[in-house]
Amino acid sequence: MNPLLESRALLTRRAFFGRSALGLGTAALASLLGRNAFAAGMNLATRRGVPGLPDLPHFAPKAKRVIYLFQNGAPSHVDLFDYKPMLRQWHGKQIPDEVAGGKRFSTMTGNQTARPVLGEITNFAQHGKSGAWVSDFLPQTAGIADDLCFVKSLHTEAVNHAPAITFFLTGSEMAGRPSMGAWLSYGLGSETEDLPAFVVMTSRDKEASCGQIFYDFYWGSGFLPTKYQGVAFRGSGDPVLYLSNPNGLSREMRRGMLDDLAHLNAIKHEEFGDPEIATRIAQYEMAYRMQASVPELTDFSNEPASVLEMYGPEVKRQGTYAYNCLMARRLAERGVRFIQVMHAGWDQHRNLNTQLKIQCQDTDGPSAALVRDLKQRGLLEDTLVIWGGEFGRTPFLQGKIEEVKQWGRDHHPYAFTLWLAGAGVKPGISYGATDEFGFNAVENRVHVHDFQATVLHLLGINHERLTYKFQGRNFRLTDVHGNVVKDILA
């Protein structure tokens with residue numbers, strides 16, 4: 001094809017308007033290039049991070065960063081946090097129709113006519129000065145009860161995993177919206193230039209009993225520029241692919257190649273005005289800086305033995321939940337804005353009697369260790385830690401009461417528990433309550449959008465004002481809903 005004709009063919013309507021309004025885009029790109037083109041000679045100590053939107057935060061934040069310990073598959077609230085003596089009293093009896101009648105469940109129990117109540121399979125006790133009820137399957141979590149805020153009246157709308165997780169992380173059950181970490185990267189920027197603003201790590205139960213999949217859109221940027229999406233660290237080998245230079249390519253040569261690429265991309269950006277070209281430049285530069293920052297980040301040799309012991313025996317094994325929790329603390333202290341640690345294995349439909357205890361053993365110690373570790377380093381004061389899943393589990397049994405080895409619980413969106421700790425949250429309280437069966441949230445109900453609005457509030461953001469115009473509409477994380485849960489704020 002004739003080069004001139006090809007150039008005209010590539011000039012789309014969007015590109016045309018982009019070229020006619022390049023003032024701010026070109027200035028931003030020039031700023032990016034000016035900061036990054038000489039990265040090799042910069043003093044790391046002088047870097048001040050990457051700014052976000054000019055009007056953020058809207059008010060003084062309590063939290064600077066978030067560590068979200070997302071428990072894929074939905075932990076059973078009635079076996080772990082929401083003590084209900086009525087369950088044992090009614091064990092084996094049909095749950096009353098006035099409690100469960102007319103409710104929507106997954107296909108696994110949707111047509112199940114017999115719904116016998118299943119008493120909790122753990123033992124509960126009260127802990128700390130707060131007297132929080134915690135299962136004996138979570139002794140380490142019980143030990144930090146006075147540092148935690150238990151929200152026991154969460155409720156959601158989705159009854160299946162992927163839509164429910166997507167709803168929690170993006171504000172919509174359908175994939176395609178920006179995730180919470182992407183919104184924060186966009187709005188607040190980063191405290192560091194040497195690591196991404198938004199990092200994701202995943203792990204799963206060793207028995208592989210849970211078939212939950214980690215979809216990329218759980219940490220995607222949606223319609224925001226892709227530079228705001230989460231960077232997923234791998235569970236084996238180099239955390240990020242291609243960090244190492246090929247044999248024979250020095251760091252100086254790599255620097256020269258990136259400078260040349262940046263120049264070529266800048267020409268292309270001026271021609272088409274595509275923001276993804278600026279993203280490409282930024283990602284090349286981030287990869288270059290991560291070649292130096294990631295090896296130091298993943299080197300645990302300077303961690304005291306007492307700290308490693310606190311996280312448990314799996315802490316040095318890459319890809320485990322314990323390893324990811326320690327990595328989360330190291331990322332937090334290096335200025336990463338949002339750290340999403342996702343662990344699958346809680347979907348106990350037919351193996352509650354065996355798998356729940358194993359899952360708790362894998363996650364209890366590292367979760368509590370992270371809170372203790374942040375606290376002893378003074379980081380808990382401005383770090384928000386969240387622990388919870390996408391919904392709860394049914395107080396009634398999935399299956400038959402006589403099949404003890406196959407006891408399980410189905411998905412339950414009507415009430416469940418999560419906990420928060422750290423910046424701006426009242427410690428040592430339990431907020432909200434469910435009915436006597438742990439079935440419905442009945443006191444101080446907290447919707448998913450309320451939870452999201454509260455997280456943004458702790459970061460100094462008015463959730464109604466952090467918006468992005470897409471396809472003619474201003475979108476936000478909380479859609480058109482959400483109220484800050486002020487009663488849990490310190």
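Which helix does alanine 328 lie in? Alanine 328 sits in helix α13, residues 321-333. Before I go on, a word on what we're looking at: this is a predicted model, where local features need pLDDT of at least 70, side-chain atom pairs count only at pLDDT 80 or more, and totals for chains, interfaces and linings use all residues. Residues are numbered from 1 along each chain as its sequence is written, and side-chain values use heavy atoms, with hydrogens and water left out. When I say helix or strand, I mean a DSSP run, H or I of at least four residues for helices and E of at least two for strands, numbered from the N terminus.

Okay, back to alanine 328. Its relative accessible area is 0%, so alanine 328 is buried (buried is under 20%, exposed is over 50%, partly exposed is in between, with a 1.4 Å probe and protein chains only). What does alanine 328 touch, not counting residues up to four places away in sequence? You'll find Ile67, Met201, Ile339 and Val341, where contact means heavy atoms within 4.5 Å.

Staying in α13, look at arginine 329 and glutamate 333. Their side chains form a salt bridge at 2.6 Å, N to O (that's a side-chain nitrogen of Lys or Arg within 4 Å of a carboxyl oxygen of Asp or Glu). Why about one helical turn between them? Because arginine 329 and glutamate 333 are four residues apart in helix α13. In general, an α-helix has 3.6 residues a turn, so residues three or four places apart point the same way. Arginine 329 is buried at 1% relative accessibility, while glutamate 333 is partly exposed at 32%.

Those two belong to a salt-bridge network that links Glu296, Glu303, Arg329, Arg330, Glu333, Arg334, Asp373 and Arg377. One member, glutamate 303, is in the loop between α11 (275-297) and α12 (305-311), and counts as buried at 8% relative accessibility. Its side chain makes a polar contact with the side chain of arginine 329 at 2.6 Å, and another with that of arginine 377 at 3.5 Å. By polar contact I mean a pair of N or O atoms within 3.5 Å; within protein, one must be able to donate a hydrogen and the other to accept it, and residues adjacent in sequence count only if both atoms are side-chain atoms.

How many salt bridges are there by this rule? The count comes to 22. One of them joins aspartate 382 and arginine 65, with the closest N and O atoms 2.8 Å apart. This pair links distant parts of the chain, 317 residues apart: aspartate 382 is in the loop between α14 and β10 (383-388), and arginine 65 is in strand β2 (residues 65-72). Both aspartate 382 and arginine 65 are buried.

Now for helix α14 itself, residues 352-376. Its 25 residues reach 35 Å from first C-alpha to last, close to the 36 Å expected (the expected span is 1.5 Å times one less than the number of residues). There's a bend of about 30° at threonine 363, with proline 366 following within four residues; the bend is the angle between axes fitted to the seven residues ending there and the seven starting there. After α14 comes glycine 378, with a positive phi near 80°.

Last stop: histidine 161, in helix α8 (residues 161-170). Histidine 161 is buried, at 8% relative accessibility. Its side chain makes polar contacts with the side chains of aspartate 347 at 3.0 Å and histidine 411 at 2.9 Å.
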